[in-house]
Each structure stands twice: as structure tokens, then as C-alpha cells.
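Work through the exercises below with the sequence and the model side by side. Try each task before reading its solution.

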Amino acid sequence: MNEITQNVAILLVFLVAVNTVVVGVALWRARRARTAAVRRAAPPPPTHEHVDDPPPAGPRTMVPVMTSFDAGQGPLRTDPLTGLLLPGEWNRILADEDARIHRYGRPATVVLVELDGLDRLVGVFGHDAADRVLLALSDAMRRHARSADYVARLGPGRFGILLPETGEVEAVNYVERAREICELWLESGAISLRLAIGWASLAPDANLRDAVVVAQGRMFAELRRGALREASEAPTAAPPPPSGFEGTPAPA
């Protein structure tokens with residue numbers, strides 16, 4: 001009887017060991033199959049040719065936008081006086097950003113700024129004084145821009161700002177902040193200087209070049225309004241003296 005009981009116990013231990021091995025092998029195979037399925041479903045890792053990733057959903061981030069460049073073009077070139085982008089780089093960035101914007105359907109706004117009265121300043125005080133004004137303006141526009149924005153000097157007194165991931169309301173906030181700081185500084189000078197600013201957000205089925213045209217039209221309209229206002233505020237000339245009046249009292 002004891003021998004039969006001992007044999008049954010040995011058999012039970014053997015069966016438990018076999019079941020344990022079978023369950024372990026089954027779990028290992030299931031885990032391996034799950035890992036292989038996850039690897040197949042995962043996207044391929046980015047290569048050096050992959051530049052733009054879709055922006056995450058939700059509020060826009062302040063991370064700088066990566067811009068794709070043609071091979072051999074090198075780093076961005078800047079204006080030696082202000083440190084802002086040159087017109088050629090501005091045009092290149094507009095083309096790159098236009099492709100990215102239409103690819104992902106993201107908003108963007110173009111801002112154009114013209115310094116009115118720069119020629120008068122140069123004529124009275126020279127180029128050194130004008131350079132100091134331009135440096136102050138470019139620094140103000142750059143400080144109020146984000147790291148993701150692009151600020152360029154497009155002419156002697158003209159600037160362009162590209163605001164990616166920015167709609168009309170946010171662009172107006174930037175314009176008003178920059179205008180307030182710049183005009184406060186300009187009003188302290190001896191020469192009357194004014195800023196004319198135009199901006200345009202990207203419309204549906206339009207590109208950044210179209211936005212530049214709209215912003216330019218608004219900027220020119222503000223320049224015309226400023227010229228008319230300046231002409232109306234100018235003192236009127238005194239009427240000519242009566243005929244025969246010599247300007248000296250008659251002898252007594």
C-alpha cells in the first residue's frame with residue numbers, strides 16, 4: 001500500500017513538472033509573438049532625409065520649426081548690420097514653410113514693416129544715426145518674436161516677419177506689441193519717423209506669396225494715410241503781404 005502511494009506521488013510530481021514546462025513554453029511563445037507584432041506595427045525610425053514631422057495636436061508649442069534646405073545651400077545668411085535674415089533667405093524660407101503648411105494644414109501669418117522717414121533721417125544726421133535706429137527696431141522686433149518665427153531685413157527700412165502656427169488674432173497681438181515699443185522709441189528722436197505695418201494670415205487655398213501681397217497692400221495703405229496725416233498737420237504758409245508793403249514803418 002505504501003509503495004502504491006509513493007508511486008502515485010511521484011507521478012503527480014512528474015505531471016506538475018510537465019505542466020509547468022508546457023505553460024512556460026506557451027507563455028514564452030505568446031510574448032515573442034506579441035513583440036513581433038508590435039515591431040511590425042511601429043513606424044520606421046526617421047532617417048537623415050526626414051525633416052518635418054507632423055506637429056502634435058493641441059496648443060502650439062514654442063519649439064523652433066525645422067526648415068528643409070536644398071543640398072549645398074549651407075546655413076542661413078544674415079544682414080551684417082542687424083543680424084536679421086537676408087531677402088534671399090526670406091524667399092527660401094517662404095517656399096519651404098509654404099510646403100510644410102499645406103502638407104499639414106497649419107496656420108501662418110506674414111507681417112511687413114516699413115520705416116517711414118528714413119531718407120530724411122539720413123539726409124539730416126547721416127548713415128550712422130540711421131544705423132542706430134535700424135538696430136533698435138530690429139532688436140525690438142526680434143525680442144518680441146518667438147524662436148520659431150523668422151525675422152528678415154528686406155530693404156533699407158523694410159522688414160518681414162513670418163509667424164508660423166499663428167492666426168490673425170495672435171498676429172495682431174504681436175503687431176501691437178512691436179508697434180508700441182518701436183514708436184515709443186521713435187518719438188524720442190528729432191526727426192519724425194513712423195512705422196507702417198501690414199499683415200495677412202494664410203487664407204484657404206492660398207499660399208504665403210498671396211499673404212505677402214495682401215500684407216504689402218495694407219502696409220502701403222498705412223504709408224499713404226501717414227503721409228496725408230502729416231500733410232494735414234503741417235503749418236500753413238503765412239499769406240503774402242499787401243501790395244506795396246515793405247515791412248518797415250513809415251517815417252514820422
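Axes are lines fitted to C-alpha atoms, for helices over the stretch in contact, and angles run from 0 to 180 degrees between N-to-C directions. Helices (H or I, at least four residues) and strands (E, at least two) are DSSP runs, numbered from the N terminus. The model is predicted: local features need pLDDT of at least 70, side-chain atom pairs count only at pLDDT 80 or more, and totals for chains, interfaces and linings use all residues. Residues are numbered from 1 along each chain as its sequence is written, and side-chain values use heavy atoms, without hydrogens and water.

**Exercise 1. Describe how α2 and α6 cross, and which residues meet.**

Step 1. Find helix α2 at residues 87-104 and helix α6 at residues 208-233. Their axes come within 9 Å and cross at roughly 120°.

Step 2. Classify the angle. Under 35 degrees is roughly parallel, over 145 roughly antiparallel, 65 to 115 roughly perpendicular, and the rest oblique. So α2 is oblique to α6.

Step 3. List the contacts (heavy atoms within 4.5 Å). From α2 come Asn 91, Leu 94, Glu 97, Asp 98 and Ile 101; from α6 come Leu 208, Arg 209 and Val 212.

Step 4. Sort by class. Ala, Val, Leu, Ile, Met, Phe, Trp, Tyr, Cys and Pro count as nonpolar, Asp, Glu, Lys and Arg as charged, and the others, Gly among them, as polar. The contact of α2 with α6 has four nonpolar, one polar and three charged residues.

**Exercise 2. Find where the buried residues of α4 lie around its axis.**

Step 1. Locate α4 at residues 127-143.

Step 2. Pick out the buried residues (under 20% relative accessible area; exposed is over 50%, partly exposed in between; 1.4 Å probe, protein chains only). They are Ala 129, Ala 130, Val 133, Leu 134, Leu 137, Ser 138, Ala 140 and Met 141.

Step 3. Take the arc, from the directions between the helix axis and the C-beta atoms.

Step 4. Name the partners. The buried residues of α4 pack against elements including β1 (108-116), α3 (118-125) and α5 (168-186).

**Exercise 3. Which residues of α3 and α4 meet?**

Step 1. The axes of α3 and α4 are 7 Å apart, at an angle of about 140°. That makes α3 oblique to α4.

Step 2. Leu 118, Leu 121, Val 122 and Phe 125 of α3 meet His 127, Ala 129, Ala 130, Val 133 and Leu 134 of α4.

Step 3. By class, this contact of α3 with α4 has eight nonpolar residues, one polar and no charged.

Notes: The expected span of a helix is 1.5 Å times one less than its number of residues.
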